[in-house]
Amino acid sequence: MMEKEPSDLNGDINMNNTTLLVSLDEHEDLNGGHSSCEEEETETDAFGDLAALPVEVCERRPTCLRCRRPQKVCLCPFLPVHPLEVSTCLYIVQHPAEESRVLRTVPLLAACLPPGKCNVVVGRRFSEERHPDLAAVCQDSRTLILYPGPGAQNLEELLHNHIGPQEPEPSGTHYNVIIIDGTWSQAKDMFLRNTLLHLPKQVQLSKAVCSQYVIRTQPTNMCLSTLECAAVCLSILEHNQYIQEVLLKPLRALCSFQLQHGAQVHHSKEHLLRNGLYDKPMPKNKRKIKRMEKLVTENVCPR
């Protein structure tokens, strides 16, 4: 590429200078023929004063190591004094977005159980190469995955058929239960896209349970939070209704505290649709419309 001669460069500089002078002249005309240097100096001084102000460093509130809540709103008084003794191992497959949520239920669940009984695996996609421990659990014949659907069997019926109505459970038998932690759309995406999660036997809970997690919106009244799913599931597998009561106690305390400090009760989408209170625009997609109709007519959790 050919370089410009010195005369051409000087010409460019002169032309740029002329353009700059014209711009300044026009600026002076707009300001009544006076320079704005004094105003610029005033603005500079103002910003300089702001820069001199001390910067407050926002420190994170101290967090309780057991319940993972800020110490001022610690829920440990509502947790069991000693972890619940259970033979079932829970594996919470958690969507990454759940880690940043303030009102999470998994830390409360983990605080109620012994070490090793509530294992959290964070991610969207899981493979045998990258997650060998989770793969081993999925391939175990004693592992169940809690996810509703046409192929899911009711958990109570599964135990009844497997053990028999009068037969005691074999000594030393314990189950692994996988629960997907995320919004219903996130859970659906994770279940469909991960073949590892299709290996365990798929089970679902009875429709008789109604969610008490009223500070987050659920699709239907029967859609439960992760903690509620675990509480019901453990009470069934361990043949101990007391477990459910113990696990739900901190959840009730959490909801009560939030409602006392300005939170609103979040009715399910099913409730809003049934009572004409749904104030968002209805979807135009026929598939989404059909799904919303199912919430009202069939009262089932989305799949």
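## Salt bridge E245–R252

The side chains of E245 and R252 form a salt bridge, 3.6 Å from N to O. The term covers a side-chain nitrogen of Lys or Arg within 4 Å of a carboxyl oxygen of Asp or Glu. E245 is partly exposed at 41% relative accessible area. R252 is also partly exposed, at 33%. The cut-offs are under 20% for buried, over 50% for exposed and partly exposed in between (1.4 Å probe, protein chains only).

This is a predicted model: local features need pLDDT of at least 70, side-chain atom pairs count only at pLDDT 80 or more, and totals for chains, interfaces and linings use all residues. Residues are numbered from 1 along each chain as its sequence is written, and side-chain values use heavy atoms, without hydrogens and water.

The salt-bridge count comes to 5. D189 pairs with R125, closest N and O atoms 3.2 Å apart. This pair links distant parts of the chain: D189 sits in helix α6 (residues 184–193), R125 in the loop between β2 (118–122) and α4 (132–139), 64 residues apart. Helices (H or I, at least four residues) and strands (E, at least two) are DSSP runs, numbered from the N terminus.

D189 also meets R193 in a salt bridge at 2.6 Å, N to O. R193 and D189 are 4 residues apart in α6, so about one helical turn separates them. R193 is exposed at 54% relative accessibility, whereas D189 is partly exposed at 28%.

## Helix α7 and H239

Because 12 of the 12 residues of α7 are buried, the helix is largely enclosed by the rest of the structure. H239 follows α7. Its phi is positive, near 55 degrees, in a residue other than glycine. H239 is exposed, at 56%.
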